[in-house]
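Here is a short walk through one protein model, starting with its charged pairs and ending with its nonpolar cores. Keep the sequence and the 3D view at hand while reading.

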Amino acid sequence: MRGTARIAASAALVLALPACSASSADTEQPLRGVLATPTDIDLDWTDGRAGVAGHVLEFATEETGPYTVLDHLPRHVTNYRHPDLMPNTTFHYRLRSYRGPVSRPVRAELPDGIRFTWTDTSPDEDGFLLEMREENGTGYDPVAAVDPDVTATTLVTLPGEKRASFRIRAFVLTERSNVVRLTTGE
């Protein structure tokens, strides 16, 4: 999950198949997608609602699922490239926003990482996100996701990350976006 998801501009003709609407679709966070190359799908969205902390991007090969989480994305990320997909396969995408309070975890330095512990004070979380702000960074990005009721995790750190700031977000998933259906080429 480290790094920022980026969309690469395609010099080729871009094809977009019609989106399928989900019954619980939230028209305030429309998800759009295009086939950027025969095996790369680019997705983008807008979400100007107050209180949204980020989004969970999911995909499935059947419209009814099961859906698999591609990534937990902070609010400032509004695009994603799903690369190197199987040719001639239909993919279904949906976006779920999340909200939730943040707290500071207790840190224990390890030779190759950091152990984080916290108190679970949320009775109804869908999970916890460990978020990191790099030294001199401006915002927090999710670097790990853990299940509900878990109160510890370990992060193997890269050079310089031990000087970063960390926080824990007890997240609750909210409404789903529309479903976008795209089929890869050959």
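A salt bridge is a side-chain nitrogen of Lys or Arg within 4 Å of a carboxyl oxygen of Asp or Glu. By this definition the structure holds eleven salt bridges. The model is predicted, so local features need pLDDT of at least 70 and side-chain atom pairs count only at pLDDT 80 or more, while totals for chains, interfaces and linings use all residues. Residues are numbered from 1 along each chain as its sequence is written, and side-chain values use heavy atoms, with hydrogens and water left out.

One of the salt bridges joins the side chains of Asp 42 and Arg 81, at 2.6 Å from N to O. Asp 42 lies in strand β3 and Arg 81 in strand β6 (residues 79-82), so this pair ties together parts that are 39 residues apart in sequence. Strands here are DSSP runs (E, at least two residues), numbered from the N terminus. Asp 42 and Arg 81 are both buried, where buried means under 20% relative accessible area, exposed over 50%, and partly exposed in between (1.4 Å probe, protein chains only).

Another salt bridge links Arg 169 and Glu 131, whose closest N and O atoms are 3.0 Å apart. Because Arg 169 belongs to strand β14 (residues 165-176) and Glu 131 to strand β11 (residues 127-133), the pair ties together parts that are 38 residues apart in sequence. Arg 169 has a relative accessible area of 9% and is therefore buried; Glu 131, with 2%, is buried too. Salt bridges that share partners also join Asp 40, Asp 42 and Arg 81 into one network.

Glu 109 and Arg 107 form a salt bridge as well, at 3.2 Å from N to O. Glu 109 counts as partly exposed because its relative accessibility is 48%. Arg 107 is likewise partly exposed, at 33%.

The nonpolar residues come next. A nonpolar core is a set of buried Ala, Val, Leu, Ile, Met, Phe, Trp, Tyr and Cys residues joined through side-chain atoms within 4.5 Å. The largest one has 16 residues, and those with the most contacts inside it are Leu 31, Ile 41, Leu 43, Trp 45 and Tyr 93. Two or more residues of this core come from each of β2 (31-37), β3 (40-45), β4 (54-60), β7 (90-99) and β15 (179-183).

Leaving aside neighbours within four places in sequence, Tyr 93 is in contact with residues including Leu 31, Ile 41, Leu 43, Phe 59 and Val 180, contact meaning heavy atoms within 4.5 Å. A second, separate core of 14 residues includes Ala 144, Leu 155, Ile 168 and Ala 170.

Notes. Helices (H or I, at least four residues) and strands (E, at least two) are DSSP runs, numbered from the N terminus.
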